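Here is a short tour of a protein model, written for someone who likes cut-offs spelled out. Take a look at the fold first, and then we can walk through the packing together.

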Amino acid sequence: MNHYETVFILNPVLSEEQIKETVKKYEDILVSKGAKMISKENWGLKKLAYAIQHKKSGFYHLFEYTTPGDAINELEVEFRRDERIMRYLTVALDKHAVAWAERRRVRDNKKTA
């Protein structure tokens, strides 16, 4: 089981319900492939550095999870097929990145508490 982090940008014209449905779809895909979700973050609507598909903003979401490597390929195929996804990036985390992500989650939880 490898540790991964995926960030994806959803089209800004989607409704709140469509966003929740899309995020749930990709979470279900990962879980069905044997992934264990560690963290899910909604970063909200952010302005893009450059236009993507003539859009200047998008809804950012982050998943942190552990899964066998073959699940990543299937997840990214689904991302490519879905017109609601503007961009995505999946990275494998090493032990230092995992520790940093844990510190970031603890720090963010303290800010919201």
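What percentage of the 113 residues of the protein count as buried? The value is 42%, where buried means under 20% relative accessible area, exposed over 50% and partly exposed in between, with a 1.4 Å probe and protein chains only.

A word on the ground rules: this is a predicted model, in which local features need pLDDT of at least 70 and side-chain atom pairs count only at pLDDT 80 or more, while totals for chains, interfaces and linings use all residues. Residues are numbered from 1 along each chain as its sequence is written, and side-chain values use heavy atoms, with hydrogens and water left out.

**Overall layout**

The protein has 3 helices and 4 strands, in the order β-α-β-β-α-β-α from the N terminus. These are DSSP runs numbered from the N terminus: helices are H or I with at least four residues, strands are E with at least two. The radius of gyration, taken over C-alpha atoms, is 14 Å, close to the 13 Å from the globule rule for 113 residues, so the protein is as compact as a globular protein of that length. That rule is 2.2 Å times the number of residues to the power 0.38. Among contacts with a separation of 6 or more, 78% join residues 24 or more positions apart; contact means heavy atoms within 4.5 Å.

**The nonpolar core**

The largest nonpolar core has 18 residues, and F8, L10, Y26, L30, F63, Y65 and L75 touch the most other members. Such a core is a set of buried Ala, Val, Leu, Ile, Met, Phe, Trp, Tyr and Cys residues joined through side-chain atoms within 4.5 Å.

Helix α1 gives the largest share, 5 residues. Apart from this core lies another of 5 residues, including I9, L48, I52 and Y60.

**Aromatic pairs**

The structure holds 7 aromatic pairs; rings of Phe, Tyr and Trp (its six-membered ring) pair if their centres lie within 6.5 Å, with planes under 30 degrees apart stacked, over 60 edge-to-face and the rest tilted. F8 and Y26 form a tilted pair, 6.1 Å centre to centre with 55 degrees between the planes. This pair links strand β1 to helix α1, 18 residues apart in the chain. F8 is buried at 0% relative accessible area, and Y26 is buried at 0% too. Ring pairs join F8, Y26, F63, F79 and Y88 into a cluster.
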